[in-house]
Amino acid sequence: MLHLASQSPRRRELLARLGLDFGVLDVEVAEVRAPGEAPASYVARVAREKAGAGLLRVVAVPAAVVLGSDTEVVLDDTVFGKPADAAEAAAMLRRLSGRSHQVLTAVSLVSAGREASVLVATDVTFADLSDEDIADYVASGEPMGRAGAYAIQGGAERFVARLAGSYSGVMGLPLHETAELLRGFGINARTPRAGGRA
């Protein structure tokens, strides 16, 4: 049985696109970057810790497999987590304006007998954003709870001038790479049926 160790509705939506049945585990993992920890190492560690915390919850379930994931926005070696308030969201967007940044998403898959992981880096270039663009987007409330203060699948999609990598990875779960990891655990993605569950 597959379990998703995530509170993110976006990850639940994305994983469902693989046509799989899965349970959802609400895990609490501190997302704090250690001093000197490289952004890629940090993202990979948090994803692994989420999966491990989830596995502890279902260790008694036969053939349990747990997926953990973490996504962060990185600019000039600075990790942009979720903004604390509207002012911080606006500050993040000002720094991203007119520049290219990386979105790192790590996926960790664990079972009682094995683990596997992947890190996906996507380059995203924002157009120049006016003060009005930023104020309007922040006022929408969408930046809150989002790494880097934006949701590419929402109102910020219009800010993206160029993207090289995984669009679903920027959303929070790179589907191609996730499907490959799952296949290694004997879990095969399939196309969901229109109007209902797979």
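Serine 108 touches Ala47, Arg48, Ala51, Val66, Leu67, Gly68, Ala116 and Ser117, when residues up to four places away in sequence are not counted and contact is taken as heavy atoms within 4.5 Å. The model is predicted, so that local features need pLDDT of at least 70 and side-chain atom pairs count only at pLDDT 80 or more, whereas totals for chains, interfaces and linings use all residues. Residues are numbered from 1 along each chain as its sequence is written, and side-chain values use heavy atoms, with hydrogens and water left out.

Serine 108 lies in strand S5 (residues 100–111), where helices (H or I, at least four residues) and strands (E, at least two) are DSSP runs numbered from the N terminus. With a relative accessible area of 1%, serine 108 is buried; buried denotes under 20% relative accessible area, exposed over 50%, and partly exposed the range in between (1.4 Å probe, protein chains only). From C-alpha to C-alpha, serine 108 and glycine 165 are 19 Å apart in space and 57 residues apart in sequence.

Strand S3 (residues 65–75) holds valine 73, and aspartate 70 also lies in S3. Valine 73 is buried at a relative accessible area of 2%, and aspartate 70 is likewise buried, with a value of 2%. Beyond the neighbours within four places in sequence, the contacts of valine 73 are Thr78, Val79, Phe80, Leu96, His101, Gln102, Val103, Ala147, Gly148 and Tyr150. Not counting residues up to four places away, aspartate 70 touches Arg11, Glu31, Val43, Val46, Ala47, Lys50, Leu104, Thr105 and Ala106. The C-alpha atoms of valine 73 and leucine 173, which are 100 residues apart along the chain, are separated by 14 Å.

Helix H2 (residues 39–58) comprises 20 residues and reaches 29 Å from its first C-alpha to its last, close to the 28 Å expected at 1.5 Å a residue, the expected span being 1.5 Å times one less than the number of residues. The buried residues of H2 include Tyr42, Val43, Val46, Ala47, Lys50 and Ala51. Arginine 45 lies in H2 and counts as buried at 17% relative accessibility; with its neighbours within four places in sequence left aside, arginine 45 is in contact with Val32, Arg33, Ala34 and Glu37.

Helix H3 (residues 86–96) and helix H4 (residues 131–139) pack at an angle of about 140 degrees, with their axes 10 Å apart. This angle makes H3 oblique to H4. Axes are lines fitted to C-alpha atoms, for helices over the stretch in contact, and angles run from 0 to 180 degrees between N-to-C directions; angles under 35 degrees count as roughly parallel, over 145 as roughly antiparallel, 65 to 115 as roughly perpendicular and the rest as oblique. The contact is made by Ala86, Ala89, Ala90, Leu93 and Arg94 of H3 together with Ile134, Tyr137 and Val138 of H4.

Most residues other than glycine have a negative phi. Alanine 63, however, has a positive phi of about 60 degrees, and phi of alanine 149 is also positive, near 65 degrees.
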